[in-house]
Amino acid sequence: MSRLLNLATTEAVGQEVTIYGWVNTRRDMGKITFFDMRDRSGLLQVVLVPAELDDVSREIVTGIRPEYCLSITGLVQARGAKQLNPNLPTGTVELLAKHVEILNPSKTPPFELEDTSGINEELRMKYRYLDLRSARMQRNIRLRDKLVTFMRDYLHGQDFVEIETPYITKGTPEGAREFLIPSRTQPGQFYALPQSPQQFKQLLMVGGMERYFQVARCFRDEDQRGDRQPEFTQLDLEMSFVERENVLNLIEDMMIKMVQTVTPEKHIQQIPFPRLSYQEAMDKYGSDKPDLREDKDDPNLLAFAWVIDFPFFEATEDGGWTFSHNPFSRPKPEHVPWLMEKSHIGEILTTQYDIVLNGYEAGGGSIRNHEPEALKRVFEIMGFDEEGIQKQFGHMLESFTYGAPPHGGIAPGIDRIAMILANEPNIREVIAFPKTGDGRDLLMGAPSEMPQKNLDEVNIQIKKK
Ligand code: ASP
C-alpha cells in the first residue's frame, strides 16, 4: 500500500497517486461528481468523470456517500486559474479519479460533521468516534498533543525525569471525595484512585530523584462543573532543593515558551507574570483567580498571574480547622513558629502558589513541609489524634525521618490550559473521551450494573432502595 497524504498532492502534479480517507462532502454537477476527501492532513478535491473511471469504479461511485472510507487512485492535476481555492491548503490541485475502492461504507452519521457547534453535546459524546472526525476536534486533540509534547521536551531539557506513579493506591486527603476500588484479595478493603500523585511525588524526592514530572491522571468524585471532569490530567512535577522562586521561575519560563511554540498567534499581556497576594486578589477582584485581561474580546490575549500567600487553614463549620489547599504545604518561613506552637492558626500563610490564566486556576503547588514534626502539627490542627495520624500518614512521616530533602512542586492542569489555548468554552472539548456533567460515559455506557458474580468476587452487596 503506497499512500500519498492529501496535503502532499500539491507537490505531485502530473503523477498518478493513491489517497486514503473519508468522503467529507459529495457534490453532483450533472455528469461530474466532486468528492472532498479528508485525511489527517486535510481536504483534497477529487473529480469523478465517468469517462476517466474504470468500469467497476464507475458503477460503485453512484452509491458513495459522506463518511464512506475509500481509497482513490488518480492523476494529480493543477487547477485552472478560476478554480483555485485559496482557503484550502490543497486548493491549487485536484485529483482526477481513475479507480475508487470502498474500504468500508458508512451509515448516514447522526449529525453533520462539517460544523458541530450547534449539535447537542450528548449526541456528540455518544458518537464521539464520529465527532472526533470533525475539524474542531481534530484541531483540539492535535493541539493538546503539541502542548504535552512541548512540556515533556521542555522538562527533559531541564533535567527532569518522567516517572509513573500508581493509580491503584491509598487515598490521599486533598479535599475531594475519592473513587474507591474494592479489593478482591483483601475482602472488605479498598484502594482509592489518587486525587493527585501528591504523596508519591514527595516520596520520589525522598528517593533522591530530585526532579520528577508526569503527565498524570487525577481522579476526583465531585459534582461536575464546566471545567471539571471526574478524571483530568495534570502536568505534575516536583523538585528538590528549591524555594518558591525557583518553581515560579521555571513554570513562568515554560508557559511563555509554550505559548510561543504551540500557539504563536497568541500574546501574553504581561511578562513577568503579575503576582497578587490572595488578600489583594480578593479585595480588588473578589476572586482568587481573577481574569486580568484588558480586552476580554481578544481571543488571542493571555493574562497569566500568580496568586500567593493564601491562608493555610480554614475554619470548619464545627469549629475546627481544615487546610485551604494542600496539607503537605509548608507555611511561609516566618509562620513556621506559629505552626509549631499551634498558635495564630487563622493567620498562618502557606507557601501555596496558584497560576491563574484568563480567570481560570491553571495550576497550583507549594513548597512542602519536609520536617516530620512540622507536618504532624498540620494534622493535629486538623483534629487527627496520634493514632489517626499514624494510620493515614505514618508512611509519609516516617519517610521524612530519613534525610528528606527540602522540596516543592506544582501541577498545571493540562485540560484547562489546552481549553484556553484552543479558545474552547469547556475542557470536554479538549478531551478525546469526556464524561457528562453527571459523570456518565455515553459512548461506553458507564457506569453500569455488574453481574452478581463480579460483585460476589469483591464482596460487595448492593443495598436495596
Ligand atoms: N497536588 C496538588 C494538586 O493536585 C498540586 C501540587 O501541590 O503540586 O492540586
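**Exercise 1.** Determine how many bridges join strand β12 to β14, and which way the two strands run.

*Solution.* Strands are DSSP runs of E with at least two residues, and helices are runs of H or I with at least four, numbered from the N terminus. Two strands pair if DSSP finds at least two bridges between them. Strand β12 (residues 275-277) and β14 are joined by three bridges and run parallel. Within this pairing, Arg275 stands opposite Trp306 in β14.

The model is a predicted one: local features need pLDDT of at least 70, side-chain atom pairs count only at pLDDT 80 or more, and totals for chains, interfaces and linings use all residues. Residues are numbered from 1 along each chain as its sequence is written.

**Exercise 2.** Identify how β14 is joined to strand β17, and state which residue stands opposite Val307.

*Solution.* Five bridges connect β14 with strand β17 (residues 353-357), and these strands run antiparallel. Val307 stands opposite Asp354 in β17.

**Exercise 3.** Explain why strand β14 is largely enclosed by the rest of the structure.

*Solution.* A residue is buried if 20 or more other C-beta atoms lie within 10 Å of its own, exposed if 12 or fewer, and partly exposed in between, with C-beta atoms placed from the backbone. Strand β14 (residues 304-308) has five residues, of which four are buried, so the strand is largely enclosed.

**Exercise 4.** State which domains the chain contains and what distance separates their centres.

*Solution.* The assignment, which is automatic or taken from a database, gives domain 1 (6-104) and domain 2 (129-310 + 352-370 + 405-430). Taken over C-alpha atoms, the centres of domain 1 and domain 2 are 43 Å apart.
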